[in-house]
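Dear colleague,

Please find below the structure I promised to pass on to you.

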Amino acid sequence: MAAVLTPPAPSTATGPRAVSRPPWGGWRSRWPLLPLVATVLLPALPHGASGGGGPADVASGVAVLVCVGRLLYLRRRPLSATAALVLGLPVVGFALATVTAADPAAALPGLVRYLQVFVLVPIAVCLLLRDAHGFRIVAGSLVVLAVVQGVTGVHQYVTGTGASYMGEDIRAVGTFGPSDIMGMATVVAYGLLAAAACALRTPRNAPAWLRPCAAVLAVALIVPLTLSFSRGVWIATAAAVLVVLALTGRRQALTSLAVLGAAGVVVVGGFGIGSEMIADRAASVTRVTSTPDRSVSDRYAMWSAAGAMWRERPAAGVGLKGFPAHRDGHASIGLSSGSDTAGAGQEFRRQALLSPHNMYLLVLSEQGLIGLTALLGSWAAILAGAVRRLCVARSRGHVAVDCGLAAVALMTWQSVNFLYADIGGPTTVLSGVVLGLAAWWALSGPDRVSAA
């Protein structure tokens with residue numbers, strides 16, 4: 001079950017042809033992580049909304065190329081059979097949905113995107129991470145991105161320069177703008193979970209300031225997460241936090257919940273940060289049959305359309321990138337033509353609804369039962385393996401438990417959040433990084449995971 005990528009054995013040759021390579025523990029061994037760090041940090045940079053790849057996508061491509069180059073240089077088997085099966089299983093659904101699409105040429109961009117996010121980037125992360133220290137570097141990059149975006153989002157709320165929400169420009173969206181309303185909430189949730197994992201199980205031999213600093217950051221990031229007014233992200237973050245706390249032990253879980261509860265009271269109750277709007281936003285999730293808001297009713301209408309597409313072609317779906325073309329033929333007349341976006345430096349515009357905002361239903365409608373089974377099988381194996389290894393690591397006093405907590409938290413968050421969101425926007429590539437971190441913990445060999 002080990003993902004094998006071992007360094008070449010030290011040369012025993014003598015004479016002028018002998019080559020001396022630096023040990024893997026030296027600083028020179030960390031340079032392959034630079035493309036991964038860039039992939040994490042670059043989604044916040046503005047780029048054209050034409051649908052082309054952004055700076056983070058370019059960085060992820062560089063990471064894949066670096067990975068391929070290293071494999072050719074080292075001439076080692078890159079993955080174990082188990083890891084190759086788990087990470088490569090989704091390719092079956094992607095390829096079948098492309099071949100059976102009404103217009104295979106139009107489905108090719110979707111194939112490339114799915115391969116990038118759900119196969120190539122996770123594999124690159126698995127192979128470029130040499131040890132737990134490398135994992136912490138990438139996870140730390142998520143925290144840095146979250147802090148920058150969180151500060152920007154809070155400033156937008158305070159100054160009234162955010163995205164439009166209920167007639168006021170107060171919605172925190174960071175640098176992603178109103179056209180990618182989930183971007184800031186997503187990266188803040190990633191950073192919050194990574195910081196919380198570090199606070200709950202700080203690495204051994206870490207500086208004394210690391211644990212309190214991580215705890216303060218995790219609690220502070222609740223503020224911009226709340227001001228994002230993103231209901232799905234709230235639910236996913238709460239679920240991930242509860243799962244991780246349950247895996248840390250009863251005493252620490254109760255203490256952490258008390259701290260989180262006190263922080264919530266201070267933020268929403270004490271300072272009154274959007275308390276009325278937050279309560280109304282949370283309650284709107286359940287107002288589906290009575291008086292739902294437009295976003296909720298549109299989302300359920302698109303979910304119904306996705307189900308209708310699947311019933312029409314249950315095995316292989318309507319093909320990658322096929323949802324927009326088939327939407328109007330399967331959606332109810334109650335579905336609006338798009339959502340209104342404005343604020344945060346952008347003029348009012350109408351944004352078309354081109355996906356069901358549910359990753360599982362998107363896959364089911366476009367790839368059918370075969371594609372959904374392959375993708376869910378891969379993700380379930382990663383999540384189950386990550387939880388299992390975390391339990392074993394805790395019982396044995398493992399030095400890298402913080403990595404396990406972060407991996408389980410991020411994978412849980414992604415699994416739950418996909419109930420309310422799908423891929424799209426500059427943060428899409430971060431889903432591949434998160435899957436790669438979780439897969440590295442779940443499928444890597446004990447020698448690589450145990451290294452602190």
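Helix 15 contributes three residues to the lining of the largest cavity, the most of any element. Helices here are DSSP runs of H or I with at least four residues, numbered from the N terminus. The model is predicted: local features need pLDDT of at least 70 and side-chain atom pairs count only at pLDDT 80 or more, while totals for chains, interfaces and linings use all residues. Residues are numbered from 1 along each chain as its sequence is written, and side-chain values use heavy atoms, with hydrogens and water left out.

The cavity search gave one cavity of 30 Å³ or more. A cavity is, on a 1 Å grid over the protein atoms alone, a set of points where a 1.4 Å probe fits but cannot get out, and its lining residues have an atom within 4 Å of a point. The volume is the space filled by probe spheres set on the points, which are joined across faces, edges and corners. The largest cavity holds about 30 Å³. Around it stand Leu87, Phe118, Pro122, Ser378, Trp379, Ile382 and Leu435. Helix 5 (104-128) and helix 15 (359-395) each supply at least two residues of this lining. Six lining residues are nonpolar, one is polar and none is charged; the classes take Ala, Val, Leu, Ile, Met, Phe, Trp, Tyr, Cys and Pro as nonpolar, Asp, Glu, Lys and Arg as charged, and the others, Gly among them, as polar.

Helix 15 also packs against helix 17 (residues 428-443): their axes come within 8 Å and cross at roughly 55°. Axes are lines fitted to C-alpha atoms over the stretch in contact, and angles run from 0 to 180 degrees between N-to-C directions. The two helices are therefore oblique to each other, given that angles under 35 degrees count as roughly parallel, over 145 as roughly antiparallel, 65 to 115 as roughly perpendicular and the rest as oblique. On the side of helix 15 the contact (heavy atoms within 4.5 Å) involves Trp379, Ile382, Gly385, Ala386, Arg389, Leu390 and Ala393, and on the side of helix 17 Leu435, Ala438, Ala439, Trp441, Ala442 and Leu443. Eleven of these residues are nonpolar, one is polar and one is charged.

Two further pairs involve helix 2. Helix 1 (residues 34-41) and helix 2 (residues 55-74) pack at about 160° with axes 8 Å apart, and are therefore roughly antiparallel. Pro35, Leu36, Ala38 and Thr39 of helix 1 touch Ala56, Ala59, Ser60, Val62, Ala63 and Val66 of helix 2. This contact has eight nonpolar, two polar and no charged residues.

Helix 2 meets helix 5 at an angle of about 50°, the axes being 9 Å apart; these two are therefore oblique to each other. The residues in contact divide into ten nonpolar, two polar and three charged.

Yours sincerely

Key: 1 Å grid on protein atoms, 1.4 Å probe; cavity = no way out; pocket = protein on both sides within 12 Å on 5 of 7 lines; lining within 4 Å.
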